Amino acid sequence: MAEIGLLFVMAIAGGIVAVFGFFGMINKRVSEPKRELQKRVEQLEEEVRELKNK
């Protein structure tokens with residue numbers, strides 16, 4: 001009987017790890033485009049500064 005309980009506990013722990021991994025992957029996919037956009041905005045701001053100085 002204890003073996004079944006241990007397997008159940010291990011299965012729940014594995015499920016929790018899988019949920020955290022899933023949310024981590026989703027978070028990375030959501031935040032990645034924001035980083036690219038931020039880099040592009042900074043690049044454009046630098047170009048504007050250069051053009052204003054001419």
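Select I4 to begin. I4 sits in helix α1. This is a predicted model. Is I4 buried or exposed? I4 is exposed, because its relative accessible area is 57%, and the cut-off for that class is over 50%.

Draw a distance between the two C-alpha atoms. I4 and K39 are 35 residues apart along the chain. Their C-alpha atoms are separated by 52 Å.

**Whole chain**

Zoom out and colour by secondary structure. The C-alpha atoms fill a box of roughly 80 × 10 × 5 Å.

The accessible surface of the protein is about 5400 Å². Carbon and sulfur atoms account for 68% of that surface. Buried residues make up 2% of the 54 residues.

Next, colour by charge. The protein has 9 positive and 8 negative charges. The mean positions of the two sets lie 4 Å apart.

**A18**

Go to A18. Helix α1, residues 2–53, holds A18. A18 counts as partly exposed because its relative accessibility is 47%, between the 20% and 50% cut-offs. Then pick V48, 30 residues from A18 along the chain. The C-alpha atoms of A18 and V48 are separated by 46 Å.

**The nonpolar patch**

Select V19, F22, F23, M25, I26 and V30 together. These residues form a nonpolar patch on the surface. What accessible area do they have together? The patch has about 590 Å².

Stop on V30, one of the patch residues. V30 lies in helix α1. With a relative accessible area of 46%, V30 is partly exposed. A patch residue needs over 30% relative accessible area, and V30 has 46%.

**The salt bridge**

Finish at R49 and E46. Which contact joins them? The side chains of R49 and E46 meet in a salt bridge, at 2.7 Å from N to O. The cut-off for such a pair is within 4 Å. The count for the model comes to one salt bridge.

R49 and E46 both lie in helix α1. They are three residues apart, about one turn of the helix.

Check the surface once more here. R49 is partly exposed, with a relative accessible area of 46%. E46 is also partly exposed, at 36% relative accessibility.

Technical notes: Residues numbered from 1 in each chain as written. Predicted model: local features only at pLDDT ≥ 70, side-chain atom pairs only at ≥ 80, totals over all residues. Heavy atoms only, no water. Helix = DSSP H or I, 4+ residues; strand = E, 2+ residues; numbered from the N terminus. Buried < 20%, exposed > 50% of the residue type's maximum accessible area, 1.4 Å probe, protein only. Areas by Shrake-Rupley, 256 points an atom, 1.4 Å probe, with all protein chains shown as cover. Lys, Arg positive; Asp, Glu negative; His and termini not counted. Charge placed at Lys NZ, Arg CZ, Asp CG, Glu CD. Patch = residues over 30% accessible without salt bridge, like charges linked within 9 Å, V, L, I, M, F, W, Y side chains within 5 Å.
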